[in-house]
Amino acid sequence: MFKKILIANRGEIALRILRACRELGIKTVAIHSEADESAMHVRMADESICVGPSSAQSSYLNIPAIITAATLTNADGIHPGYGFLSENQRFAEIIEEHNIKFIGPHSSHIKIMGNKIDAKKIMDDNNVPTVPGLNDISNKKDIDNFINKVQLPIIVKAASGGGGKGMRVITDYDDINNAINSAKAEAKKSFNDDKVYLEKFLITPKHIEIQILADSQGNVITLGERDCSIQRKHQKLIEESPSEILSNEKREEISLLCKKAVSSLGYEGVGTLEFLYENNNFYFMEMNTRLQVEHPVTEMVTGIDLVKQQILAASGEKLTISQRDVQLKGHSIECRINAEHPESFIPSPGKITQYHQPGGLGIRVDSAVYQGYSVPSHYDSMIGKLITYADNRQECIAKMKRALEEYIIMGINTNIQLHQKIIMTKEFQSGKYDINFMSTFN
Ligand code: ADP
């Protein structure tokens with residue numbers, strides 16, 4: 001078992017990992033930038049080390065500084081959280097070269113899944129249904145044949161894509177060249193890889209993803225699904241588990257396929273297979289080889305601490321939970337609380353002058369902010385996650401409504417009111433919303 005884990009992240013996820021470590025009796029090292037000197041993750045960790053100036057590039061993405069911090073503090077494990085270096089294959093490799101354990105899958109799995117074209121091929125080979133696509137777009141004839149087969153609209157996507165970047169929807173045949181070129185340029189800029197591919201663009205799908213957990217001895221379990229269809233600019237805003245529209249049969253069918261595919265890879269740790277779901281069919285899009293922002297809704301309905309399990313798996317422990325032990329019970333919803341202007345969505349950094357977070361039965365707040373804290377402008381605008389849990393979906397929504405009303409954050413703009421509006425709409429209440437929900441919402 002680990003003695004000391006360095007947490008290569010900040011904000012709520014750094015706290016989340018720190019809490020799991022503490023319960024497992026593992027010491028923690030926080031890293032921080034100059035801007036985060038007084039951040040809560042720094043205050044709560046057993047040790048802390050400054051790894052660079054405020055910009056993410058010079059601190060939370062600064063691999064040499066992070067490795068030096070781990071070596072100086074004698075950490076035997078590094079947890080990357082999500083974002084930053086969590087899906088950086090080279091980071092995982094360097095850590096292993098320093099005889100420190102990367103708390104995540106083997107670097108080769110990060111590499112394969114980091115390329116969405118390769119990931120789709122693997123899933124195809126394992127009978128997991130994928131979105132119909134065209135990988136090699138060098139030949140105009142192939143593109144024409146593809147369009148004839150699937151019909152417009154189609155979408156151009158970046159092979160190394162993430163965060164909704166490098167995507168262009170094509171509805172008009174004449175736009176193909178422009179769309180491909182601009183997606184390529186954005187992909188090159190964002191991921192230093194201009195490889196793009198085509199996919200059929202599904203019109204009214206839901207985004208449904210399956211959580212998996214695997215140990216190093218080949219045992220794999222699935223932990224149900226999350227419906228993440230409430231998105232803005234392809235970024236998730238609200239997630240829930242289970243999905244209101246998924247039957248037990250469909251859940252079992254897709255979970256079994258995911259489990260088989262992940263087993264055949266020899267994958268270790270937590271992971272998420274992301275699908276579009278339309279007309280009762282699943283279409284694999286990509287696999288995330290890390291802990292997800294929205295993991296708490298799965299924890300609430302399964303009662304399983306995913307971060308502890310992830311750490312135990314990385315330390316070589318055998319899974320003690322069998323598939324039969326995983327019973328989805330009740331309902332959970334997560335609202336991502338962002339420091340941003342409610343209409344323009346422009347980030348709203350600054351000092352939190354008043355702070356009161358909701359509580360009571362079935363309310364969970366994963367956040368690292370506090371009264372008097374200054375939200376820095378250098379990082380993502382998400383400042384917390386409000387999660388509710390109840391016996392059924394209706395009660396879970398009622399709890400979320402009550403909790404959002406109780407949540408007071410003054411001094412900066414937040415999207416709390418936006419969440420209040422969304423959860424009261426007919427579509428959200430019915431659970432039948434799809435990924436277009438936010439584009440038609442006002
Ligand atoms: P990223 O890794 O950048 O987040 P994803 O491949 O996960 O990109 O897609 C993000 C979102 O974009 C999906 O949840 C969905 O809303 C939309 N999307 C992606 N591919 C398609 C598609 N083929 N048809 C319709 N929507 C899509």
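Me: I have the model open and would like to start with K233. Where does K233 sit in the chain?

Reply: Good place to begin! K233 lies in the loop between strand 11 (220–232) and strand 12. Keep in mind that this is a predicted model.

Me: What is the backbone of K233 doing, and what is its phi?

Reply: Phi of K233 is near 50 degrees, which is a positive value in a residue other than glycine.

Me: Is K233 buried or exposed?

Reply: The cut-off for exposed is over 50% relative accessible area. K233 has 64% relative accessibility, so K233 counts as exposed.

Me: Which value does phi take at N192, and where is that residue found?

Reply: N192 also belongs to a residue type other than glycine, and its phi is positive, near 55 degrees. You will find N192 in the loop between helix 8 (176–191) and strand 9 (196–200). Because its relative accessibility is 59%, N192 counts as exposed.

Me: Now to the peptide bonds. What is omega for the bond joining L152 and P153?

Reply: There omega is about 0 degrees, and the bond is cis. P153 is in the loop between helix 7 (140–150) and strand 7 (154–158).

Me: And what about the bond from S241 to P242?

Reply: That peptide bond is cis too, with omega near -5 degrees. P242 is placed in the loop between strand 12 (235–241) and helix 9 (248–265).

Me: Let's move on to the sheet. In what order do its 8 strands run?

Reply: Read across the open sheet, the order is 14-13-10-11-12-15-20-18, and the pairing is antiparallel.

Me: Which strands stand at the edges, and why is one side of each left without a neighbour?

Reply: The edges are strand 14 (281–288) and strand 18 (363–367). Each of these has a single partner strand, so one side of each has no neighbour in the sheet. From one strand to the next, the twist averages 25 degrees.

Me: Can we take one pair as a worked case? How many bridges link strand 10 and strand 13?

Reply: Strand 10 (residues 206–214) and strand 13 (residues 269–278) pair over 9 bridges, in the antiparallel sense. To follow this on screen, pick K206: its bridge partner in strand 13 is Y277.

Me: What does helix 13 touch on the sheet?

Reply: Helix 13 (residues 416–423) packs on the sheet and touches strand 11, strand 12 and strand 15 (331–338). The direction of helix 13 makes about 50 degrees with that of strand 12.

Conventions
Residues numbered from 1 in each chain as written. Predicted model: local features only at pLDDT ≥ 70, side-chain atom pairs only at ≥ 80, totals over all residues. Heavy atoms only, no water. Helix = DSSP H or I, 4+ residues; strand = E, 2+ residues; numbered from the N terminus. Buried < 20%, exposed > 50% of the residue type's maximum accessible area, 1.4 Å probe, protein only. Pairing = 2+ DSSP bridges. Axes fitted to C-alpha atoms, helices over the stretch in contact; angles between N-to-C directions. Contact = heavy atoms within 4.5 Å.
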